[in-house]
Amino acid sequence: MDENRFNCDSFRTLLQSHPLYKKERINGEFAEIPLGLENFGFPFLCICQAEQQTHLLKFEEETLRKMEIHAANNNRLLVSKRVRYAFYEINGLKGQKFTEKVYGECQNCKRKRAVFLIEFFTELHEENYYFYAKKIGQDPPFSINVDGFAKKILNPENLDLYKKALMNLSSNFGIGAFAYFRRIVENEILHLLTEVAEINTPESMELKKLLERHESEHALSQLIDEIFKYLPDSLKGLGHNPFRLLYGTLSVGIHQLSEDECFEKATSLKFVLEFVLKKIYEEKTEVSKVRDHIKNLS
């Protein structure tokens with residue numbers, strides 16, 4: 001794709017899923033600034049129906065007039081039946097920024113309920129200037145969608161921490177994301193082991209015995225090592241003890257790590273934690289039900 005053209009996919013991602021202040025590169029040397037891109041389609045949550053619908057980008061009349069005047073002055077206006085573009089040479093905007101208010105009109109209910117305040121700016125990258133955009137305001141506000149298995153297993157307090165961890169991760173705040181994920185592990189690891197012991201498997205009794213012994217000995221590290229051989233096969237899918245991987249993060253000196261190192265560890269911690277939550281959820285629901293029916297047929 002010509003890097004000097006408007007990147008539809010990047011701008012669509014920005015509107016649909018980026019949190020505030022997370023920038024997205026949208027153009028190269030000559031920019032078709034999206035303030036002139038009317039009727040641009042993107043999926044977004046319709047608050048009337050509480051589900052995603054196609055929205056079209058809309059502008060205030062003042063914005064459209066400003067766009068047309070600027071483009072006409074530069075003799076670079078392109079008008080079609082559905083789309084209007086304003087062309088700007090990036091050399092005239094080096095180091096500058098401007099903000100535009102735009103709307104998303106749901107194509108189902110026909111209401112302009114989504115509102116975005118978008119800042120466009122240029123940045124120098126590898127000796128070239130490029131156009132970027134980021135949301136600095138949004139209504140309805142940005143929110144993190146949490147998978148159902150996390151909602152079913154985490155208690156309300158830790159579910160809130162989980163959402164904060166995902167929010168920090170989506171905004172590239174590595175230290176914050178890593179700190180929240182570690183708190184979840186610290187709070188939940190015994191509860192997760194207990195959940196595994198409740199799964200209907202031949203090893204469940206052995207798991208429960210180990211947990212009962214822990215109540216008097218309080219040797220969590222030893223418990224985690226001993227419990228691995230009694231885990232369901234689905235939880236051994238990593239080839240490593242997932243609980244040992246999670247528990248090991250509690251000993252990491254977070255203040256000794258850089259922001260980038262914390263981001264990498266937070267990303268890995270997220271995937272391991274979600275693997276454990278998902279497999280526990282599956283074992284306790286779908287797999288357990290199937291095993292019960294197999295018993296009835298055997």
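**Exercise 1. Which residues gather in a patch of negative charge on the surface, and where does aspartate 260 lie?**

Step 1. Glu259, Asp260, Glu261 and Glu264 gather in a surface patch of negative charge. Patch members have over 30% relative accessible area and no salt bridge, with like charges joined within 9 Å. Asp and Glu count as negative, Lys and Arg as positive; His and the chain ends are not counted. A charge is placed at NZ of Lys, CZ of Arg, CG of Asp or CD of Glu. Areas come from the Shrake-Rupley method with a 1.4 Å probe, and for residues only the protein chains shown count as cover.

Step 2. Aspartate 260 lies in helix H9 (residues 259-297). Helices (H or I, at least four residues) and strands (E, at least two) are DSSP runs, numbered from the N terminus.

Step 3. Aspartate 260 is exposed, at 57% relative accessible area. Exposed means over 50%, buried under 20%, partly exposed in between (1.4 Å probe, protein chains only).

The model is predicted: local features need pLDDT of at least 70 and side-chain atom pairs count only at pLDDT 80 or more, while totals for chains, interfaces and linings use all residues. Residues are numbered from 1 along each chain as its sequence is written, and side-chain values use heavy atoms, with hydrogens and water left out.

**Exercise 2. Describe helix H4: what does it reach from its first C-alpha to its last, and which of its residues are buried?**

Step 1. H4 covers residues 156-170, which is 15 residues. From first C-alpha to last, H4 reaches 21 Å, close to the expected 21 Å at 1.5 Å a residue. The expected span is 1.5 Å times one less than the number of residues.

Step 2. Buried residues in H4 include Asn158, Leu159, Leu161, Tyr162, Ala165 and Leu166. Asn168, Leu169 and Ser170 are buried too.

Step 3. Look at the pair lysine 164 and aspartate 160. Their side chains meet in a salt bridge (3.3 Å, N to O). A salt bridge is a side-chain nitrogen of Lys or Arg within 4 Å of a carboxyl oxygen of Asp or Glu. The two residues are four apart in H4, so about one helical turn separates them. Lysine 164 is partly exposed at 36%. Aspartate 160 is also partly exposed, at 36%.

Step 4. Just after H4, asparagine 172 takes a positive phi of about 65°.

**Exercise 3. How many salt bridges does the structure hold, and which residues do they join into one network?**

Step 1. The structure holds eleven salt bridges.

Step 2. Glutamate 217 pairs with arginine 213, with the closest N and O atoms 3.4 Å apart. They sit four residues apart in helix H6 (residues 204-217), so about one helical turn lies between them. Arginine 213 is partly exposed at 31%.

Step 3. Aspartate 225 and arginine 244 form a salt bridge at 2.9 Å, N to O. Aspartate 225 is in helix H7 (residues 220-227) and arginine 244 in helix H8 (residues 242-248), so the pair ties together parts 19 residues apart in sequence.

Step 4. Salt bridges with shared partners join Arg213, Glu217 and Glu226 into one network.

**Exercise 4. Where are proline 140, tyrosine 21 and histidine 218 found?**

Step 1. Proline 140 is in the loop between strand E9 (128-139) and helix H3 (148-153). A cis peptide bond joins aspartate 139 to proline 140, with omega about 5°.

Step 2. Tyrosine 21 lies in the loop between helix H1 (8-17) and strand E1 (24-27). Its phi is positive, near 70°. Tyrosine 21 is exposed at 54%.

Step 3. Histidine 218 is in the loop between H6 and H7. Its phi is positive, about 55°, although it is not a glycine. Histidine 218 is exposed at 61%.

Notes
Patches are made of residues with over 30% relative accessible area and no salt bridge: like charges are joined within 9 Å, nonpolar side chains (Val, Leu, Ile, Met, Phe, Trp, Tyr) within 5 Å.
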